[in-house]
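I am opening my notebook on a structure that is new to me. I will look up a few places in turn and write down what I find.

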Amino acid sequence: MSILLERKVYLDKMEKIYPLDISQKKSIKFKNKNFFDNSLKHYRTSFGISYMLFTTYFKDDIILESKHEYKDITFIMFNDSYSSSSIQEFDKHNEFIFKPKHYVIGKISENFESLNKYLANKKYCTHYVLFENQILDDLIINYSSKKTLYDVDGFSIKFEMPINIKQNLILEELPTLFFLEGKLQELYLESKIIDLIYTTVNSIKKLDLEENIYFSSKDIKSLFKAKDILTDSIANPPSLKMIAHQSAINEYKLKKGFKKLFGNTVFGFLQEYRLNEAKKILMNNEININEVSYMVGYKNVSHFSKIFKEYFGFTPTQVKKNQKKVFI
């Protein structure tokens, strides 16, 4: 059973950092012997952007009361943990699950109340970049056509994406910069926060461009031709460059279009097709596993058996045994 942690238990600690009305860098730790071991780092830039790092460890499953008491903000929030947490509107059942190693972009309004759920014996590490003006809106205005993922009165999530490699490197470095002193070091910290914002907005821009590639009827025809080339030559498929040439489409559109049209990468599709063809052959023919492996393009039989089991949950040998039982 989850323990409800009331705001008054930890709010006095949090207020050592708030209000966020001046440029400042602070770091505090606070403990409760029954519930938690937390730390909070905060840095406010001189141009209306704040960075916070909240790390926490709870000994029990916890439901944490929360209330946003300051003016409306937009935010980027990174769950740099291997466990999910959740946000639920106070006294309601509408819940947003914050996935591990993902980040979200959203908005929160003054006086929004929520219940934040955390699991016992898990370390949580959450980074926040808070925008007290229109900076973030202006940065992503051209890439905000996606449907809102979560929207309740006073709180919404617009984007959700996995944390990429460059973001991860910055997130790893940011906590270490709080030990540095002096204006030059603070300037470096500020530059890293800006780098994180730039990297995040750029990744959204890139995704938006990829999702909005135009495919003509000729492109669609070429993609189906590419699929036929693959299925007709599963034992010895041509290179990606050759497939694109034979299908009269460029490699970029081939890769992006194949994923969009057939739900898989070119060679991811090929592997699935090979394995399904192998299964059909094993079930319906008196051919040994070695021959089937070569027929569908796998030269190494043990590798074939391994990925076959990973994909279907049973081995080629088990298929042959069942086939023989049916045959008899």
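Predicted model: local features only at pLDDT ≥ 70, side-chain atom pairs only at ≥ 80, totals over all residues.

**Entry: two helices**

I looked up the axes of α5 and α6. They come within 9 Å and cross at roughly 130°.

Next I listed who makes the contact. From α5 come Ser 222, Lys 225, Ala 226, Ile 229 and Leu 230. From α6 come Ile 243, Gln 246 and Ser 247. I sorted the residues of this contact by kind and got 4 nonpolar, 3 polar and 1 charged.

**Entry: α5 itself**

I then turned to α5 itself. The helix covers residues 217–231, which is 15 residues. From its first C-alpha to its last it reaches 21 Å, close to the 21 Å expected at 1.5 Å a residue.

Which residues of α5 are buried? I wrote down Asp 219, Ser 222, Leu 223, Ala 226, Ile 229, Leu 230 and Thr 231. The partners are α6 (240–247), α7 (251–262) and α8 (266–284).

**Entry: Thr 265**

I moved on to the loop between α7 and α8, where Thr 265 is found. I looked for contacts of Thr 265, leaving aside its neighbours within four places in sequence. I found Phe 258 and Lys 259. I also took one distance, C-alpha to C-alpha. Thr 265 and Lys 255 are 6.5 Å apart in space and 10 residues apart in sequence.

**Entry: positive phi**

Last, I looked at backbone angles. Most residues other than glycine have a negative phi. I picked out two residues with a positive value.

One is Lys 101, with a phi of about 55° although it is not a glycine. I placed Lys 101 in the loop between β8 (95–98) and β9 (102–108). Lys 101 is partly exposed, at a relative accessible area of 23%.

The other is Asn 121, with a phi near 60°. I found Asn 121 in the loop between β10 (112–118) and β11 (123–131).

Definitions and conventions:
Residues numbered from 1 in each chain as written. Heavy atoms only, no water. Helix = DSSP H or I, 4+ residues; strand = E, 2+ residues; numbered from the N terminus. Expected span 1.5 Å × (residues − 1). Buried < 20%, exposed > 50% of the residue type's maximum accessible area, 1.4 Å probe, protein only. Contact = heavy atoms within 4.5 Å. Axes fitted to C-alpha atoms, helices over the stretch in contact; angles between N-to-C directions. Nonpolar A, V, L, I, M, F, W, Y, C, P; charged D, E, K, R; others polar.
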